[in-house]
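Hi,

Here is the structure I promised to pass on. Have a look, and then read on for my notes.

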Amino acid sequence: MKMICIGRNYSEHARELNNPVPSEPVFFMKPESAQLRNNQPFIYPEFSKDIHYEAELVLHVCKVGRNIQEKFAGTYYDGIGVGLDFTARDLQQKAKEKGLPWEMAKAFDFSAPVSKFIPLSTFADLANIRFGLFKNGELVQQGNSSEMIFSFDKIISYVSRFVTLKQGDYIFTGTPAGVGPVQIGDRLEAFIEDQKLLLCNIR
Ligand code: MG
């Protein structure tokens, strides 16, 4: 499996990192080895001094597809969870300055804790899903799928022009404003609506 991650899908977050608001989706990937499941703790890696959390809604891909038309995109995912796109911001900043790829900063081991997936049928409106993140009990990020620049279906359609989607892939759909650093000892809890679905302690 692979994880496809959308960057800059919430305009306030693009602005907080001084990035332009994109006219087409920006995406990158994390490999299977980036998965962190079952609320396991995240071990702060030695190669970075500035790991940031980014809470995101995550789609679970349920069938193979490429060149998917937007009007059929809704049949290619069957669940939504919440995940963290851990980012080594110091490495990413250096890569950006040199015009180099982001893999070191984004795709490292265990950089993608993901909750269980909630079946699509339990959501009244996919374009109105509230989610966010508590750090040490304080609300640090809150977003709503209504604020996305590119909808779930647009993302599926766009990405599948370049990369075949396969059953079991995850799609991280972008983070709202409020990203920030973590430190050893922090406790992160991500939620969808009123349900805390993901716990991640930083060790
Ligand atoms: Mg992200």
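This is a predicted model: local features need pLDDT of at least 70, side-chain atom pairs count only at pLDDT 80 or more; totals for chains, interfaces and linings use all residues.

Let me start with K30, whose side chain reaches the backbone oxygen of F86 at 3.2 Å.

Residues are numbered from 1 along each chain as its sequence is written, and side-chain values use heavy atoms, with hydrogens and water left out.

Back to K30: you will find K30 in strand β2, residues 26–31 (strands, E, are DSSP runs of at least two residues and helices, H or I, of at least four, numbered from the N terminus). K30 is buried, with a relative accessible area of 1% (buried means under 20%, exposed over 50%, partly exposed in between, using a 1.4 Å probe and protein chains only). Leaving aside residues up to four places away in sequence, K30 touches several residues, including D85, F86 and K106 (contact means heavy atoms within 4.5 Å).

D85 brings us to the metal. The protein donors of the magnesium ion are E54 (OE), E56 (OE) and D85 (OD), lying 2.0 to 2.1 Å from it. Donors are N, O and S atoms within 2.8 Å of the metal (3.2 Å for Na, K and Ca), and water is not among the atoms, so sites may look incomplete. Along the chain, the donors follow the spacing E-x1-E-x28-D. E54 lies in the loop between β4 (51–53) and β5 (55–61), and D85 in the loop between β6 (77–84) and β7 (87–88), so the pair ties together parts that are 31 residues apart in sequence.

E54 is buried too, at a relative accessible area of 4%. The side chain of E54 makes polar contacts with the side chains of R89 at 2.9 Å and K106 at 3.4 Å.

Finally, the sheet: 6 strands form an open, mixed sheet in the order β2-β1-β12-β5-β6-β9, where two strands pair if DSSP finds at least two bridges between them. The edge strands are β2 and β9 (118–119). β5 and β6 pair in the antiparallel sense over 7 bridges, and the bridge partner of E56 in β6 is G83.

Best wishes

Notes: A polar contact is a pair of N or O atoms within 3.5 Å; within protein, one must be able to donate a hydrogen and the other to accept it, and residues adjacent in sequence count only if both atoms are side-chain atoms.
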